[in-house]
Amino acid sequence: EQATGGGSSGGGQGESYLPVLAGLVNAAVAGCLDAGVGMRATAMATTVAVMKGTTEMRVDPGVKDVKGARSLHVLGFSSVGDTVLVESEGSFTFEEWETVEELARRACLAGASKSGDMKMQNGEIEEATQSVLDVLRGAVEVKVMAEERWRDG
């Protein structure tokens, strides 16, 4: 069973907004944190591309990967693990979508420490350097340290 979505590949009008959506979500959350907006939990998002003519999936795909994708997915998660955003376009099976969701969840929330991009190829998941949550926490830590530096002397 195949699912199809809107956007430019699904018969919609104009260019797809999916390639920039994860970045917009992450920038909005970082802006709120920088402004001191109180939040019970944070949210983060990532993009996963399912490549044409293969079962390979790439997290945070580049421009060439987006153009060579059979389907594109943006998923967002809260820092406590709740799914808060799901947008997809293109052709994909339910089984592929389940794998996309697992890849996106790991990319956003898992504390991986291996090097290289995260992708799925030949049924094996290759881990990323850091999760989006790790990057967000690191940025907040640097900001807090800089703002508290005046207390040291």
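In this predicted model, helix H1 (residues 18-34) packs against helix H4 (residues 132-148) at an angle of about 25 degrees, and their axes lie 11 Å apart. The chain has 4 helices and 8 strands. Read from the N terminus, its elements follow the order β-α-β-β-α-β-β-β-α-β-β-α. The chain holds 153 residues, of which 34% count as buried. Of the contacts between residues at least 6 apart in sequence, 51% join residues at least 24 apart.

**Helices H1 and H4**

- Angles under 35 degrees count as roughly parallel, and H1 and H4 are therefore roughly parallel to each other.
- The crossing of H1 past H4 is right-handed.
- On the H1 side, the contact is made by Asn26, Val29, Ala30, Leu33 and Asp34; on the H4 side, Val132, Leu136, Val140 and Lys143 meet them.
- By residue class, this contact of H1 with H4 comprises 6 nonpolar, 1 polar and 2 charged residues.

- Strand S2 spans residues 43-51, and 9 of its 9 residues are buried.
- In a regular strand, side chains alternate between the two faces of the sheet.
- In S2, Ala43, Ala45, Thr47, Ala49 and Met51 point one way.
- Met44, Thr46, Val48 and Val50 point the other way from S2, and the residues of both sets are buried.
- S2 pairs with S4 in the antiparallel sense, over 9 bridges.
- Within that pairing, Ala45 stands opposite Gly76 of S4.
- S2 also runs antiparallel to S3, to which 3 bridges join it.

**Hairpins**

- S2 and S3 form a hairpin with 5 residues between the strands, and Gly53 in this hairpin has a positive phi near 70 degrees.
- Strand S4 (residues 69-78) and strand S5 (residues 83-90) run antiparallel and are joined by 7 bridges.
- Leu72 stands opposite Glu89 in S5.
- The hairpin of S4 and S5 has 4 residues between its strands, and Gly81 in the turn takes a positive phi of about 100 degrees.

- Glu56 sits in the loop between strand S2 (43-51) and strand S3 (57-59).
- Buried means under 20% relative accessible area, so Glu56, with a value of 8%, is buried.
- Glu56 and Ala69 are 13 residues apart along the chain, and their C-alpha atoms are separated by 9.6 Å.
- Asp60 is in the loop between S3 and helix H2 (63-67).
- The cut-off for exposed is over 50%, so Asp60 counts as exposed at 60% relative accessibility.
- The phi of Asp60 is near 55 degrees, which is a positive value in a residue other than glycine.

**Points to look at in the structure**

- For the helix contact, Leu33 in H1 and Leu136 in H4 are among the residues that meet.

Terms used:
Residues numbered from 1 in each chain as written. Predicted model: local features only at pLDDT ≥ 70, side-chain atom pairs only at ≥ 80, totals over all residues. Heavy atoms only, no water. Axes fitted to C-alpha atoms, helices over the stretch in contact; angles between N-to-C directions. Helix = DSSP H or I, 4+ residues; strand = E, 2+ residues; numbered from the N terminus. Parallel < 35°, antiparallel > 145°, perpendicular 65-115°, else oblique. Left-handed = near helix turned anticlockwise from the far one by under 90°. Contact = heavy atoms within 4.5 Å. Nonpolar A, V, L, I, M, F, W, Y, C, P; charged D, E, K, R; others polar. Pairing = 2+ DSSP bridges. Buried < 20%, exposed > 50% of the residue type's maximum accessible area, 1.4 Å probe, protein only.
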